[in-house]
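Subject: Structure for you to look over

Hello,

Here is the structure I promised to hand over. Please open it first, then read my notes below.

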Amino acid sequence: MPYVLKAYGDSAAVKLRTLGAAAGVCTDSDSPREGADRFIDAIRQMNARLGIPDHIEGIRAEDIPQMAAYAEKEANPLYPVPALMTRRERAQFYYQIADWSR
């Protein structure tokens with residue numbers, strides 16, 4: 001989730017800052033980008049405390065284009081998201097979360 005929220009960039013910054021202020025990790029006086037970054041960092045910290053991994057084993061580089069295509073087919077343009085993403089942008093998430101160290 002932090003990767004996706006970060007990728008939304010400025011299109012979600014104001015709403016993420018609002019969520020961050022409600023969660024007590026930033027204030028309304030922070031810039032939207034600063035508040036969004038603090039909120040995303042708080043999510044990363046919470047994930048670490050809960051043992052939610054930052055990376056996922058088993059993702060093979062050669063499978064990523066097909067995984068991105070599947071994700072594109074499941075995406076619904078009517079779902080209210082801050083920004084629609086291309087197949088290439090979706091593929092980047094798989095590259096970011098892949099754990100190829102094992």
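Predicted model: local features only at pLDDT ≥ 70, side-chain atom pairs only at ≥ 80, totals over all residues.

Other salt bridges

The count comes to eight salt bridges. Side chains of opposite charge can pair when their charged atoms come close. Here are some of the others.

- Arg 38 pairs with Asp 30, the closest N and O atoms being 3.2 Å apart. Arg 38 is partly exposed at 37% relative accessibility, whereas Asp 30 is buried at 8%.
- Glu 62 pairs with Arg 60, with 3.4 Å between the closest N and O atoms. Glu 62 is exposed, with a relative accessible area of 54%. Arg 60 counts as partly exposed, at 46%.
- Lys 6, Asp 10, Arg 33 and Asp 37 are linked in a network of salt bridges.

Helix H3

H3 covers residues 32-49. Which residues of H3 are buried? They are Gly 35, Ala 36, Phe 39, Ile 40, Ala 42, Ile 43 and Asn 47. These cover an arc of only 155° around the axis, so they lie on the same side of H3. Helix H1 (2-8) and helix H2 (10-23) are among the elements that cover them. The face turned away from the buried side carries the exposed residues Ala 48 and Arg 49.

Just after H3, Gly 51 takes a positive phi of about 75°. Ile 52 lies in the loop between H3 and helix H4 (64-74). At 40% relative accessibility, Ile 52 counts as partly exposed. Together with Met 46 and Leu 50, Ile 52 forms a nonpolar patch on the surface. The accessible area of the three comes to about 280 Å².

Arg 17

Is Arg 17 buried or exposed? Arg 17 is buried, because its relative accessible area is 16% and buried means under 20%. Arg 17 belongs to helix H2. Arg 17 and Ala 36 are 19 residues apart in sequence, yet their C-alpha atoms are 4.6 Å apart in space. Leaving aside neighbours within four places in sequence, the contacts of Arg 17 are Cys 26, Thr 27, Asp 28, Asp 30, Ser 31, Pro 32, Gly 35 and Ala 36. Asp 30 is also the partner of Arg 38, and Gly 35 and Ala 36 are on the list of buried H3 residues.

The whole chain

The protein chain has five helices and zero strands. From the N terminus the order is α-α-α-α-α. The C-alpha atoms fill a box of roughly 45 × 35 × 15 Å along the principal axes. Of the 102 residues, 30% are buried. The chain exposes about 7,100 Å², and carbon and sulfur atoms supply 56% of that area. Among contacts with a separation of 6 or more, 54% join residues 24 or more positions apart.

Best wishes

Notes: Residues numbered from 1 in each chain as written. Heavy atoms only, no water. Patch = residues over 30% accessible without salt bridge, like charges linked within 9 Å, V, L, I, M, F, W, Y side chains within 5 Å. Areas by Shrake-Rupley, 256 points an atom, 1.4 Å probe, with all protein chains shown as cover. Salt bridge = Lys/Arg side-chain N within 4 Å of Asp/Glu carboxyl O. Helix = DSSP H or I, 4+ residues; strand = E, 2+ residues; numbered from the N terminus. Buried < 20%, exposed > 50% of the residue type's maximum accessible area, 1.4 Å probe, protein only. Arc of directions from axis to C-beta. Contact = heavy atoms within 4.5 Å.
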